[in-house]
Amino acid sequence: MSIVKKENLSADIYERIAYGQDGIQPDLEPDKIPAVVVKPTSAEEVSGVVRYANENKIPIYIHGAGTAFKGSSRPKRPDSILLSMQGLDSVELHEEDLYFEAGSGANQYELEKLLLTHGYMLPMNVGSKYSATIGGAVAINTIGHMVDICLGKIIDHVMGLEVVLPNGEIIETGTRSIRRPAGIDYTRFFAGTEGVFGIITKVRMRLVPNYQRAYVVGFFPELTDIAHAFMRLYKEKLPPPLYGELLDKKACIAPFRLRELGEPLGHMGLAIAIGHTQEDADQQAHKIVRVFKTENALEARVVTSHKEQEDYWAARDNILNILQTPEGEEKLLPMGAVETSVPLSHLADVIDYFRTGHGYSTLHEAKLFVYGHVGTCDLHGLWCTPASWPLEKRLQCRNEALLLENEVNLMWGCASGEIGQTAMRISFLRKRWGEAAYAMLMNIKKAIDPNNILNPGNLEGEGYDV
Amino acid sequence: MSKSLKNVVPVPHIYIRENVLHKGNIAGVAGDKTAWAKDLNLPRQAEHTFFAGCGYQFMRYVEGMMRAAASIEKVGLGREKGLGISRAFGKIGIDLPSISAKVAAAGREDTYTRILGGAVSILLKLDFDVGYLYEDEPCCGSPLYYSGFLDDYIENANKNFSIFKSHGIRKLIGLIPACTASLRDYYPKYVEGYDLEVYHFIEVVAQRLKETDIKPKLKENVTVAYHDPCQLSRYLEITSAPREVLERIEGLELREPEPEQCKQWSTCCGGGGLEAGAPELCERLGLRRLEELLNTGAHVIATHCPACVMQLKRSAEKLKADVKVMDLVELLDEALP
Amino acid sequence: MQEEILGFIQTCINCRMCVPMCPTYEGWATQSAFGRLAAINLHLKYGLGTEEELSRLLFQCATCRRCQERCKMLSTNVTPTDIIIKTRQLLARKALARERKGS
């Protein structure tokens with residue numbers, strides 16, 4: 001291919017394996033290893049690749065970093081092109097118009113650091129930010145840990161995009177004004193549609209000034225106390241914090257040990273209040289402490305030591321630490337993962353359902369960790385199985401967790417709010433919003449991408465039998 | 001050697017294995033690795049036994065060997081061929097690496113063995129009861145471990161333990177981070193009944209300094225950037241001790257690189273064994289790390305590992321950087337009364 | 001030894017947080033612990049790629065443990081550096097065994 005330079009493409013077997021492997025179990029199947037990995041460095045090159053693929057009906061799987069957790073980054077069809085956007089990583093600030101433009105492959109952590117040096121913040125925070133890209137975040141419309149109703153989801157900050165359509169055409173969407181178009185704005189066809197309608201090559205986002213922060217930590221006897229605390233916070237019409245986190249006592253143990261924070265007193269609730277000034281932030285934080293204490297907190301306080309702030313946050317953020325078992329003990333694998341955003345009044349009900357309300361046998365046998373962004377009504381359950389369980393049983397655990405997630409979302413009329421709805425979640429999508437809507441979605445896809453070259457299999461739910 | 005082994009281990013590593021197993025040191029130089037301690041008259045048995053290792057004494061030979069290999073490569077013979085030729089000479093009794101290395105090293109100050117003398121001098125100044133095994137000191141064998149020759153490593157480790165035991169050794173103070181990490185963390189896994197106490201030089205020195213009120217002082221003020229060697233910061237997990245020592249020295253201003261480039265996150269300089277398998281990559285790592293250290297604005301780069309010293313020195317020469325690369329030992333020895 | 005290696009790799013969830021930490025990373029996934037582990041995994045399980053190609057990747061690792069530190073603090077503590085070294089040992093052992101059989 002003379003569409004990209006030789007150094008931006010690789011047919012090496014190990015390169016192809018690495019890029020094809022996504023962020024979850026199990027191993028990439030050998031027949032799904034991409035045929036080639038391509039890393040364009042400009043929108044024109046992306047366009048060339050897409051045109052070629054479209055003419056020859058070759059599947060393209062689009063990667064930021066490939067860290068998606070629900071199967072959307074894994075190739076579903078053989079002999080595909082793995083298109084990595086990491087070569088498009090430029091960043092340009094336009095402070096005079098209050099926006100910045102970034103290549104979709106720009107790394108989130110690097111972007112965050114850069115913005116901070118200029119007094120701005122990146123209005124999103126996922127645990128995988130060290131590897132993930134801004135393009136991936138915009139394609140899924142996620143802000144990770146942050147509370148949606150505090151600053152908005154990422155799409156609320158996206159002013160415009162540069163996109164390559166499935167026929168190779170490059171289009172620009174949106175505006176350079178901080179007031180975005182009312183009515184039809186092509187940005188919304190691509191932001192949040194998980195790479196099935198077009199490939200985002202550049203993102204224009206408003207510059208959000210960095211707020212002052214105040215940290216609150218509380219330890220509770222019951223996990224549902226934390227749910228009640230946040231329910232009370234909103235009942236009292238307090239401003240939404242930037243973060244509201246929950247970590248069950250079991251899940252605190254390993255991260256606390258790693259950071260020398262001692263034994264957790266109880267289940268941990270964490271909140272970060274923001275304000276224009278430190279006084280504003282502190283004022284909010286003290287109100288949250290009062291709320292925590294009202295809901296049975298054994299201890300609740302504003303954390304002022306910088307190191308403690310970092311440590312408690314890291315203990316919650318680096319959730320994968322919980323999988324570190326001491327030497328000699330059997331290794332645990334994260335098999336069942338649930339992520340569900342529930343109605344505020346049912347936060348406690350859902351926690352109970354995770355723990356005891358369901359009838360799934362492997363989930364009851366596995367080790368459950370409950371954690372999540374309780375401040376934005378988003379709860380996670382992670383069911384970890386011993387590594388010695390046979391693959392079938394582990395896959396059963398994964399499937400049961402998916403079924404549980406579907407049940408919760410259907411029972412309480414909600415959906416997952418963090419990692420998207422395609423691939424593993426298609427069966428839920430169809431049940432939740434019905435077949436008519438799904439037929440509409442598939443028709444739109446057929447119209448925009450008639451050869452089905454962009455992330456094929458993701459809208460069909462291929463490879464997932466649940 | 002059959003094609004089979006060459007396919008899975010880079011040729012220079014295979015040579016190093018032979019050097020370690022048959023000549024007792026990494027460079028295969030049939031020389032005396034104890035010359036640096038000749039006039040020190042250290043006892044063989046003492047409370048602490050200083051483990052000098054091979055690195056400092058043979059760095060100049062390794063440097064010379066690599067330069068010779070690089071120039072053979074320039075002539076178009078290929079690095080492996082160059083080393084193959086030297087092996088052929090070796091078979092008939094001509095120690096070509098040693099000769100070419102000596103030639104390449106000729107005329108340049110032997111900076112490395114000075115460091116060993118400096119380390120012992122520091123221990124003595126701090127009243128440690130120090131011994132040295134002289135020609136009985138074995139090679140720790142860690143290059144075998146990293147190159148993939150585990151079984152040879154285990155055999156060597158067990159043999160070494162017998163040697164230590166036969167001399168009544170109980171406590172070792174190692175200077176080379178890789179050797180010390182190997183003796184402290186790997187030997188217990190592979191040697192039954194291993195009961196030696198292994199410390200790294202800088203941790204005992206930092207501890208002893210804290211117990212005294214000695215005020216080390218440099219004649220002239222210097223700004224120093226400290227490069228944490230990978231083996232010291234992430235294998236031995238020692239990052240505070242070197243800083244405690246450096247900060248104790250009057251006249252020394254410590255300048256740290258970015259937080260994600262120092263201490264346990266210190267960026268690797270590439271000096272530790274990467275050259276053999278990937279020489280161009282190794283060079284790039286060295287240059288990148290040197291840039292990070294130069295960005296601190298310090299005039300001296302201090303580190304604590306012979307491979308790092310060699311690699312950073314070479315990188316500084318390549319970049320023609322106005323900076324002095326030293327081992328921390330040199331600074332401390334100069335500053336201690 | 002192969003069982004041990006695969007057992008550790010199983011705990012890698014491919015979060016890729018080790019990638020920016022690797023001093024040898026210059027833009028391609030195999031220049032990182034994540035890429036090297038994925039290669040080892042499928043090579044040992046399905047025989048993909050050759051021992052020679054795998055070995056080349058493994059010896060481009062500086063064994064600096066920066067990835068291991070990152071994995072320990074932020075992720076599942078797969079001990080990637082140790083696995084890369086163990087795999088070097090596995091390949092060398094196999095080659096030496098073949099040599100002995102041959103002679």
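Predicted model: local features only at pLDDT ≥ 70, side-chain atom pairs only at ≥ 80, totals over all residues.
Which residues of α6(B) are buried?

1. Helix α6 of chain B. The helix covers residues 111-125 of chain B, 15 residues in total, and spans 21 Å from its first C-alpha to its last, close to the 21 Å expected at 1.5 Å a residue. Its buried residues are B:T111, B:Y112, B:I115, B:L116, B:G118, B:A119, B:V120, B:I122 and B:L123. In an α-helix there are 3.6 residues a turn, so residues three or four places apart point the same way. Just after α6(B), the residue B:D127 adopts a positive phi of about 65°.

2. Extent of the interface of chain A and chain C. Chain A contributes 43 residues to the contact and chain C contributes 40 residues. The area buried between the two chains is about 3200 Å², and carbon and sulfur atoms give 59% of that area. On the side of chain A, the residues that lose the most area to chain C are A:Y14, A:Y130 and A:L320, which together account for 21% of what that side buries.

3. Between chain A and chain C, 22 residue pairs are in polar contact, with both residues at pLDDT 80 or more. One salt bridge is found across this interface. A:D27 and C:K45 form a salt bridge, with their closest N and O atoms 2.4 Å apart.

4. Make-up of the side of chain A that touches chain C. The elements of chain A that give two or more residues to this side are β1 (9-10), α1 (13-20) and β16 (332-341). Of these, α1(A) supplies the largest share, six residues. By residue class, this side of chain A divides into 19 nonpolar, 15 polar and nine charged residues.

5. A buried salt bridge in chain A. The side chains of A:E339 and A:R425 meet in a salt bridge at 3.7 Å, N to O. The two residues belong to distant parts of the chain, 86 residues apart: A:E339 lies in strand β16 of chain A, and A:R425 lies in the loop between α13 (391-412) and α14 (426-448). A:E339 counts as buried because its relative accessible area is 2%, under the 20% cut-off. A:R425 is likewise buried, at 3%.

6. A salt bridge between chain B and chain C. B:D151 pairs with C:R93, and the closest N and O atoms are 2.9 Å apart. This pair crosses from helix α8 (residues 150-166) of chain B to helix α5 (residues 80-102) of chain C. How exposed are the two partners? B:D151 is partly exposed, with a relative accessible area of 37%, and C:R93 is also partly exposed, at 33%.

7. A salt bridge within chain C. C:R65 and C:D82 meet through their side chains at 3.2 Å, N to O. C:R65 sits in the loop between α3 (51-58) and α4 (66-74) of chain C, whereas C:D82 is in helix α5, 17 residues apart from C:R65. C:R65 counts as buried, because its relative accessibility is 14%.

8. Salt bridges overall. Over all chains, the structure holds 52 salt bridges. In chain A, a network of salt bridges links A:E101, A:E172, A:R176 and A:R204.

Notes: Residues numbered from 1 in each chain as written. Chains lettered and ligands numbered in written order. Heavy atoms only, no water. Contact = heavy atoms within 4.5 Å. Buried area = accessible area lost by both parts, 1.4 Å probe. Salt bridge = Lys/Arg side-chain N within 4 Å of Asp/Glu carboxyl O. Polar contact = N/O pair within 3.5 Å; in protein donor to acceptor, adjacent residues only side chain to side chain. Helix = DSSP H or I, 4+ residues; strand = E, 2+ residues; numbered from the N terminus. Nonpolar A, V, L, I, M, F, W, Y, C, P; charged D, E, K, R; others polar. Expected span 1.5 Å × (residues − 1). Buried < 20%, exposed > 50% of the residue type's maximum accessible area, 1.4 Å probe, protein only.
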